[in-house]
Amino acid sequence: QRGPDADGAIRQTDTDAALARLSAVKKGYIEDPFITHLIPRAQFQPTRPPLINIGTYVRSKSIDALVEQWLEFCEQQNTVCQIVSLGAGSDTRFWRINTGPRSHVLKSYLELDFPDVVTRKAMAIRKSKELSAVLGSPESIVVASGGTALHSAKYHLLSCDLRHSPSSSLAPILDGLLSQSLPTLLLCECVLVYMAPESSSALVDWFVNYFSSAQDRSILGAIVYEMFGLQDAFGQVMLNNLQSRNVSLPGAAPYPTVESLPERFTRHGFTFAHALTLSEVREKYISHSELERMSHLELLDEVEELNLVLKHYAITWGAKTFMPVHKSSLWG
Ligand code: SAM
C-alpha cells in the first residue's frame, strides 16, 4: 500500500539512479559533464560496485542510441521534434542533447516528476552556471508555481503525480507547451514500473489520443526502460530487496517475459514495438572494443550475478505513426 512514505521511497530511487550515473562517470564507463551539478556534493558517495556500473553503462548506451536514432530520423524528415520525459528525476539528457550536434532538431523538452523532485532540480539548475547556461539567458529562465515548475525557451520542468488521471493532471500543465502536430518521443526511464498497470496504460492512452487528433501529421515514439520477469527466483530476490526499502513494483507484474513487453505499446495501436533485455544488448550490440575497454576499468567478480541482473531489465521501444513513415527509416 502507498502512503507518503512509499512515495518518499519512490522519489529516493532518483537519488540512487543519479549516484549510479555519477559512479559510472567517475569510473570512466560513460561521459556526462552535467550530472555532478545535479547532485548535492554532500550526497557524493564512494563509487558503486562494478556490476552496477556495467548495468548503468548498458542502460545509458541503449537509450542514448535510440534517442540519437530518433533525432536523426526527425532531421531526415526535415522536422523538429518534442521529447517528454516522465519521471525524469535528475536525468541530464536535455543538457547532453542541447549541447550536441542535433540540438537544432529539438523544439522542446518537457520533464515531469513529483513536486519535491522538481523543486530540487529547479533549484540545482538555478544555482549552476553550467546547467542554466544551456537553457538560455538568465532572463529567459522562469521559475513558476512556487518553485514547482521551471520554464525556458526549450526546456520545461513540470510537477505532477503520474498516477492521477492524465486528463485532469497532465492536460492542464502540458497545455500550450506541446504541439499536436510534431513528432514526439515519450521517455519512461524506470518510472512506469512504480505504478499500477492501469495508471501507466492510461498515460500511454492519453498521449496516443492527444496526437491522434492531429490527423496524418504526427508520430509518437516511446522508450521504456525497466525491470520485468520478476516472477522467477532471482526476481523475487530483487523484489524483496526493494520491499525492504518500502518500494514496490506493481508495474512489473503484467510482464513475465521479454516477449510480453511490446504489448505495452501494441495494445494501444502502436505501429511497431520491440524489446531487448540489457543482457541481449550487452551481448549483441556493445562492440568488442567497448567490452575490452570496460574490462580494464575494474575487475568484475560477480559475472553470474551480472547476467542475472541484466536479464531482468529491458528496453522496450516503439512508435505509433499518424503519417506515412517507412518502417525501416526509424528503428527499423
Ligand atoms: N528517469 C530518471 C533516470 O532514469 O535517471 C529517474 C528514474 S528514478 C528510478 C524514478 C523517477 O520517477 C523518480 O524521480 C520518481 O520521483 C519518479 N516518479 C515515480 N513515480 C512517479 C509518479 N507517480 N509521478 C511523478 N513522478 C514519479
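Guide: Ala273 is buried, with 21 other C-beta atoms within 10 Å. A residue counts as buried if 20 or more other C-beta atoms, placed from the backbone, lie within 10 Å of its own, as exposed if 12 or fewer do, and as partly exposed in between. The model is predicted: local features need pLDDT of at least 70, side-chain atom pairs count only at pLDDT 80 or more, and totals for chains, interfaces and linings use all residues. Residues are numbered from 1 along each chain as its sequence is written.

Visitor: Which residues does Ala273 touch?

Guide: Contact means that two C-beta atoms, placed from the backbone, lie within 7 Å. Not counting residues up to four places away in sequence, Ala273 touches Pro262, Phe265, Thr266, Thr316, Trp317 and Gly318.

Visitor: In which strand is Ala273 found?

Guide: Strands (E, at least two residues) and helices (H or I, at least four) are DSSP runs, numbered from the N terminus. Ala273 is in β8.

Visitor: In what order do the strands of the sheet lie?

Guide: Two strands pair if DSSP finds at least two bridges between them. Here nine strands form an open sheet with mixed pairing, ordered β3-β4-β5-β2-β1-β6-β7-β9-β8. β3 (142-144) and β8 (272-277) stand at the edges with a single partner strand each, so one side of each has no neighbour in the sheet.

Visitor: How many bridges join β8 to β9?

Guide: Six, and the two strands run antiparallel, β9 being residues 313-321. His274 has Trp317 in β9 as its bridge partner.

Visitor: Which helix lies across β8 and β9?

Guide: Angles run from 0 to 180 degrees between N-to-C directions of axes, which are lines fitted to C-alpha atoms, for helices over the stretch in contact. Helix α10 (residues 278-285) lies across both strands, at about 85° to β8.

Visitor: Which residues have the most contacts inside the largest nonpolar core?

Guide: In soluble globular proteins, nonpolar side chains tend to be buried together. A nonpolar core is a set of buried Ala, Val, Leu, Ile, Met, Phe, Trp, Tyr and Cys residues joined through C-beta atoms within 7 Å. The largest has 85 residues, and Leu86, Leu186, Cys188, Ile223 and Ala314 have the most contacts inside it. Helix α2 (residues 50-76) gives the most to this core, with nine residues. Leaving out residues up to four places away in sequence, Cys188 touches Leu86, Gly87, Ile223 and Val224.

Visitor: How far apart are Ala273 and Gly87?

Guide: They are 186 residues apart in sequence and 21 Å apart in space, C-alpha to C-alpha.
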